[in-house]
Amino acid sequence: MKRKTSRSLTILSVIFLLQFTFALPSPAVAAAPACGELVKSKCTTCHYETRICQKVKKRKGKGSWKRTITSMIRHDAVIGKAEQKRLLTCLSKPDSEVLELCGMKK
Ligand code: HEC
């Protein structure tokens with residue numbers, strides 16, 4: 001009887017530990033989201049990316065993109081504070097993902 005109890009306790013603690021292993025978000029997810037996905041999910045619901053890419057091609061700086069993002073929010077875009085910050089970087093310093101989205105080469 002006693003033995004059985006300790007075995008089920010072992011099983012229970014394994015389940016308990018496994019839960020943590022899978023419940024914790026992986027560091028890659030917790031870090032900055034990928035620019036390509038972020039731009040697609042936040043910016044292409046109202047217009048095509050071509051609208052954004054026209055501006056990306058002009059290589060505008062942070063100030064200009066900040067005005068655009070603020071203007072999009074005025075048009076009812078739902079973008080969190082952290083996402084706004086990330087988008088500013090994604091758009092003013094387009095990485096390979098954003099360049100690819102816009103059909104541009106580095
Ligand atoms: C809720 C709808 C909506 C969302 C979401 C949205 N936009 Fe727009 N966007 C508009 C509308 C409407 C216009 C045209 C009005 C204007 O020119 O200000 C526009 C125009 C633009 C323009 C051209 C005018 C300018 O300011 O340079 C750019 C660039 C742009 N959007 C970029 C973006 C980016 C980047 C995102 C994501 C951060 C985004 N949009 C998300 C509605 C939206």
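Student: Where is Ala-32 found?

Tutor: In this predicted model, Ala-32 sits in the loop that runs between helix 2 (27-30) and helix 3.

Student: Is Ala-32 exposed or partly exposed there, and why?

Tutor: Ala-32 counts as partly exposed because it has 13 C-beta neighbours inside 10 Å, where a residue would need 12 or fewer to be called exposed.

Student: And how far is Ala-32 from Ala-82, C-alpha to C-alpha?

Tutor: Their C-alpha atoms are separated by 9.2 Å, although the two residues are 50 apart along the chain.

Student: On to helix 6, then: which of its residues are buried?

Tutor: The buried residues of helix 6 are Leu-87, Cys-90 and Leu-91. Looking down the axis of helix 6, these buried residues fall within an arc of 85 degrees, so they line one face of the helix, while Lys-81 and Ala-82 are exposed on the other side.

Student: What covers those buried residues of helix 6?

Tutor: The cover includes helix 3, helix 4, helix 5 and helix 7 (96-101).

Student: Changing topic, how many residues surround the ligand, and which are the closest?

Tutor: There are 18 residues around the ligand, and the closest are Cys-43, Cys-46, Lys-55, Met-72 and Ala-77. By class, the shell is made up of nine nonpolar, five polar and four charged residues.

Student: Which helix gives the most to that shell?

Tutor: Helix 5 does, with four residues, and helix 3 (35-43), helix 4 (49-56), helix 5 (62-74) and helix 6 (81-92) each supply at least two residues of the shell.

Terms used
Residues are numbered from 1 along each chain as its sequence is written. This is a predicted model: local features need pLDDT of at least 70, side-chain atom pairs count only at pLDDT 80 or more; totals for chains, interfaces and linings use all residues. A residue is near a molecule or strand if its C-beta atom, placed from the backbone, lies within 6 Å of it. Ala, Val, Leu, Ile, Met, Phe, Trp, Tyr, Cys and Pro count as nonpolar, Asp, Glu, Lys and Arg as charged, and the others, Gly among them, as polar. A residue is buried if 20 or more other C-beta atoms lie within 10 Å of its own, exposed if 12 or fewer, and partly exposed in between; C-beta atoms are placed from the backbone. The arc is that of the directions from the helix axis to the C-beta atoms. Two residues are in contact if their C-beta atoms, placed from the backbone, lie within 7 Å.
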